[in-house]
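I'm opening my notebook for this one. Here is what I looked up, entry by entry.

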Amino acid sequence: MSKRAEKTEINYSFKCPICSEGKIEISKVTYDVPDGDKILIIKFECNICYYSNNDIIPLTTNFTPGIMKLKVTNEDDLKSKIYRSPVGSLEIPELELVVNPGPRADFYYTNVEGILFRFENAVSIYRKNLEEDDAQIEEIDKILQDLGKALKGEFKFTLIITDTGGGSYIIPNDKSKYSFEKFEPKELN
Ligand SMILES: [Zn+2]
């Protein structure tokens, strides 16, 4: 990966909301993204229960609206970083996964694996609530099976972010699997 971590610094800390014993330490890292932009990643981590969370702030955001596509064919691709802005929609057609635009803070910054885990969890809960003779079960089980393979890098799929406002990112582990298609002004309302 050609991105470069510039600096890490810890500014201040606060009490952990999960274990209420540890201290949440905040570290900031600035990255140069391959397309020339800069992003700031803020990491929160508890020193006792290891609860952690990330947030990301684009510093020189490329606000070009468009469609970003990432082909995922192996385990390394699962580590590609994903930032979906509140106006971006995210989909994986092969797994029937669609995340519509919306200000879901916990979905802002993650990697492909994180998205799959979250989806697997949601589908599993949905599956548990179905009656055993529900007609959807076969289809749901097929999705869960494919998701399990996807998490091991054994299921090929394409992750697509459609962003009409710009500001979403995919930071691919393998640049050759990434493509960006700019919206022409006439396609925007
Ligand atoms: Zn804690």
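Which residue in β10 does G88 stand opposite? I found that G88 faces D163 there.

A note on ground rules: this is a predicted model, where local features need pLDDT of at least 70, side-chain atom pairs count only at pLDDT 80 or more, and totals for chains, interfaces and linings use all residues. Residues are numbered from 1 along each chain as its sequence is written.

β7 and β10 run antiparallel and are joined by 4 bridges; strands pair if DSSP finds at least two bridges between them. β5 also pairs with β10 in the antiparallel sense, over 7 bridges. G66 stands opposite D163 too.

Then I checked the faces of β10. F157, L159, I161 and D163 make up the covered face, while T158, I160 and T162 are on the uncovered one.

Buried means 20 or more other C-beta atoms within 10 Å of a residue's own, with C-beta atoms placed from the backbone. This core has 25 residues, and L95, V112, L116, L147, F157, L159 and I170 touch the most other members. Elements that each supply at least two residues include β5, α2 and β10. α1 gives the most, with 4 residues.

Last, I followed L95. Leaving aside neighbours within four places in sequence, L95 is in contact (C-beta atoms within 7 Å) with I143, D146, L147, A150 and F157.

Notes: Core = buried A, V, L, I, M, F, W, Y, C linked by C-beta atoms within 7 Å. Buried ≥ 20, exposed ≤ 12 C-beta atoms within 10 Å, placed from the backbone. Contact = placed C-beta atoms within 7 Å.
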